[in-house]
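Let's take a walk through this fold together, one packing contact at a time. Have your viewer open and follow along.

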Amino acid sequence: MRFSHFTTPSPINLTYRIGVLFAIFAILLKGRIMRKWLYFCFILFTVAFTRIAYTHAQETGSPLSAIDSLLQTAEQAVERNDLPAAIQASNRALALCRSSSELSDRLPSVLFSNAQLNTYGGNYERALQELHEVLSLNSHAPKPDPILDARTYTQLGIVSFFQHQWDDALYNYRKAEQLANPLGNIQGLSIARNNIANIYQKRGQYAEALAGYLECLRMQRESPSPDTGHALQYPVQCGFML
């Protein structure tokens, strides 16, 4: 798909033109019942085309602004606890991103956001596919982003955690920990270790879990504010963030 203002007629203009024809036709008719029926049809037609026009405006403007708008719509839906609407908006943003070669550098982050929503929506297979694609794209990028890799392995761990696959979850959380460690990000590292402690708890290894939680708390107290440093946005297992 190529984004252009001249590829298709504007639905708003079509609504106006067809509406005028409807109005003229209704005036020419003598029967009042027929005019009322046509007015009713015109109202329904206008409402439907207004929705189409809004969607058209989103998808035929700047592809970057359209994607940002759809992602914002997804965030607002999450705030309303409307996960299906969030996933729908995010899927459309991902489709737009894939359709434009100019936005190839944006694809990994949009994929990651979509995978998060699919995780919380229970679409685990698709989430796994998208997360592995993120890792592949990032590995072939001119400048691979270690923070994105760390976040992706954390999300892979969450997918495994939700499916009670403790070994896979532990593997991915440890990968996230390994990536966070050389970055010197204490906040992100502490959250990665919190997630590892969660696995120990699920396994019944309570001594290891307690030690992990205490270490996590110590690191978080000593770490600088994320607002003043280079923070990793890791989702915490018991209160993950989108």
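Is Ala-74 buried or exposed? With a relative accessible area of 5%, Ala-74 is buried, because the cut-off for that label is under 20%. Keep in mind that you are looking at a predicted model. Ala-74 has its place in helix 3, and if you leave aside residues up to four places away in sequence, Ala-74 touches Ala-86, Ala-89, Ser-90 and Leu-117.

First, step back to the whole chain. The protein chain holds ten helices and zero strands, and so the order of elements from the N terminus is simply α-α-α-α-α-α-α-α-α-α. Of the 242 residues in the protein chain, 37% are buried. Now consider the contacts between residues at least 6 apart in sequence: 61% of them join residues at least 24 apart.

Back to helix 3 and its partner, helix 4. The axes of these two helices come within 8 Å and cross at roughly 165 degrees. That angle makes helix 3 roughly antiparallel to helix 4, since the label applies to angles over 145 degrees. The crossing of helix 3 and helix 4 is left-handed. On the helix 3 side, the contact is made by Ala-66, Ile-67, Leu-70, Leu-71, Thr-73, Ala-74, Ala-77 and Val-78; helix 4 contributes Ala-85, Ala-86, Ala-89, Ser-90, Arg-92, Ala-93, Leu-96 and Cys-97. Sorted by class, the residues of the contact between helix 3 and helix 4 are 13 nonpolar, two polar and one charged.

From Ala-74 to Ala-93, the C-alpha to C-alpha distance is 9.3 Å, with 19 residues of separation in sequence. Gln-76, also placed in helix 3, has its C-alpha atom 7.7 Å from that of Ala-86, ten residues apart along the chain. How accessible is Gln-76? Its relative accessibility is 37%, so Gln-76 counts as partly exposed.

What sits between the two helices? The loop between helix 3 (63-79) and helix 4 (83-99) is where you will find Asn-81. The phi of Asn-81 is near 60 degrees, a positive value in a residue other than glycine. At a relative accessible area of 72%, Asn-81 is exposed.

Now move along to helix 5 (residues 107-120), and look at how it packs with helix 6 (residues 124-139). The angle between helix 5 and helix 6 is about 160 degrees, and their axes lie 8 Å apart. Helix 5 and helix 6 are therefore roughly antiparallel to each other, and their crossing is left-handed. Helix 5 makes this contact through Leu-107, Pro-108, Leu-111, Phe-112, Asn-114, Ala-115, Asn-118 and Thr-119, while helix 6 uses Tyr-124, Arg-126, Ala-127, Glu-130, Leu-131, Glu-133, Val-134 and Leu-137. The residues in the contact of helix 5 with helix 6 comprise ten nonpolar, three polar and three charged.

Helix 5 also packs with helix 7 (residues 146-162), their axes coming within 10 Å and crossing at roughly 15 degrees. Are helix 5 and helix 7 roughly parallel or antiparallel? They are roughly parallel, because the angle is under 35 degrees. The crossing of helix 5 and helix 7 is left-handed. Here helix 5 brings Pro-108, Phe-112, Gln-116, Thr-119 and Tyr-120, and helix 7 brings Leu-148, Arg-151, Thr-152, Gln-155, Ile-158, Val-159 and Phe-162. By class, the contact of helix 5 with helix 7 has seven nonpolar, four polar and one charged residues.

Thr-119 deserves a visit of its own. This residue of helix 5 counts as buried at 1% relative accessibility. Beyond residues up to four places away in sequence, Thr-119 touches Tyr-124, Ala-127, Gln-155, Ile-158, Val-159 and Phe-162.

Our last stop is His-164, in the loop between helix 7 and helix 8 (166-180). The phi of His-164 is near 60 degrees, a positive value in a residue other than glycine. At 57% relative accessibility, His-164 counts as exposed.

Conventions:
Residues are numbered from 1 along each chain as its sequence is written. This is a predicted model: local features need pLDDT of at least 70, side-chain atom pairs count only at pLDDT 80 or more; totals for chains, interfaces and linings use all residues. Side-chain values use heavy atoms; hydrogens and water are left out. Axes are lines fitted to C-alpha atoms, for helices over the stretch in contact, and angles run from 0 to 180 degrees between N-to-C directions. Helices (H or I, at least four residues) and strands (E, at least two) are DSSP runs, numbered from the N terminus. Angles under 35 degrees count as roughly parallel, over 145 as roughly antiparallel, 65 to 115 as roughly perpendicular and the rest as oblique. A crossing is left-handed if the near helix is turned anticlockwise from the far one by less than a right angle, and right-handed if clockwise. Contact means heavy atoms within 4.5 Å. Ala, Val, Leu, Ile, Met, Phe, Trp, Tyr, Cys and Pro count as nonpolar, Asp, Glu, Lys and Arg as charged, and the others, Gly among them, as polar. Buried means under 20% relative accessible area, exposed over 50%, partly exposed in between (1.4 Å probe, protein chains only).
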